[in-house]
Amino acid sequence: MLSGANSAANSEIYNKIKSEISSKVSNEVSNEMNSELSSKANNTVKNSMSKVTFVLNGQAVESSENPTKRLLDILREDHGLVGAKEGCGEGECGGCAVLLDYKIVNSCLTPLGSVQDKQVITIEGLSLSTEGQTIKKAFEDYGSVQCGICTPGMMIATASLLHHNQKPTEAEIREGLSGNLCRCTGYNMIVKAIQYLADEKGELWC
Ligand code: FES
Ligand code: FES
């Protein structure tokens, strides 16, 4: 039989061991949680820095730039594609227009991250295609180019319009050009060129 003194001593040792184990378990759980949180944070940082990949004028490209950077700057600074120009920088003039999956967008308002896995075509890429060359010839034939500042954006708008509507009415053509400003031509010559393209070169846009 244990004496009273022994029993008190045992009880004290037992409580001490219990407290130590409890503290160790707490530390382990805490370390595990910290490690999980840290790993999640690392992944978040890693994801936010991941590369954006897209197809630019037919070629697969990737960019490590900040996904919020403007597509206009990526094209001009990183790829030397200066055909898209900054006019207003606010989505009003169409000078920076490019095709995104064959739809016209203002690259000054398009963040890099939004083109992930998409196809971007600039005026340089369009000009190399049969469609682009046909648009260029029609613009020349119909006197649609004067100072030329709006012309790349107008050609992009034309390709976008005819790609989605092979037989546009005059009103639809004017609406298709409504995001692109021209201070020289009064638009009529551009509209006529597009009417010709729709009437005579319809097979190109099917
Ligand atoms: S510069 Fe982009 S719309 Fe004017
Ligand atoms: S041709 Fe000069 S702005 Fe259109």
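Reader: Is proline 67 buried, exposed or partly exposed, and why?
Author: Proline 67 is partly exposed, because 17 other C-beta atoms lie within 10 Å. A residue is buried with 20 or more other C-beta atoms within 10 Å of its own, exposed with 12 or fewer, and partly exposed in between, with C-beta atoms placed from the backbone.

Reader: What kind of model is this?
Author: It is a predicted model, where local features need pLDDT of at least 70 and side-chain atom pairs count only at pLDDT 80 or more, while totals for chains, interfaces and linings use all residues. Residues are numbered from 1 along each chain as its sequence is written, and chains are lettered from A and ligands numbered from 1 in the order in which they are written.

Reader: Where does proline 67 lie?
Author: In the loop between strand S2 (59–63) and helix H2 (71–79). Helices (H or I, at least four residues) and strands (E, at least two) are DSSP runs, numbered from the N terminus.

Reader: Which residues is it in contact with?
Author: Setting aside neighbours within four places in sequence, proline 67 contacts Val52, Pro111, Leu112 and Gly113. Contact means that the C-beta atoms, placed from the backbone, lie within 7 Å.

Reader: Now the sheet. What is the strand order?
Author: S2-S1-S5-S3-S4, in an open sheet of five strands with mixed pairing. Two strands pair if DSSP finds at least two bridges between them.

Reader: Which strands stand at the edges?
Author: S2 and strand S4 (103–106). Each has a single partner strand, so one side of each is left without a neighbour in the sheet.

Reader: How many bridges join S1 to S2?
Author: Five, and strand S1 (residues 52–56) runs antiparallel to S2. Leucine 56 has glutamine 59 as its bridge partner in S2. Their hairpin has two residues between the strands, and asparagine 57 takes a positive phi near 50 degrees there.

Reader: And S3 to S4, how many?
Author: Four bridges, with strand S3 (residues 97–100) and S4 antiparallel. Valine 98 is partnered by valine 105 in S4.

Reader: Switching to helices. At what angle do H5 and H7 pack?
Author: Helix H5 (residues 151–164) and helix H7 (residues 188–200) pack at about 35 degrees, with their axes 11 Å apart. Axes are lines fitted to C-alpha atoms, for helices over the stretch in contact, and angles run from 0 to 180 degrees between N-to-C directions.

Reader: Which residues make that contact?
Author: Met154, Thr158, Leu161 and Leu162 of H5, and Ile190, Ile194, Leu197 and Ala198 of H7.

Methods. Two residues are in contact if their C-beta atoms, placed from the backbone, lie within 7 Å.
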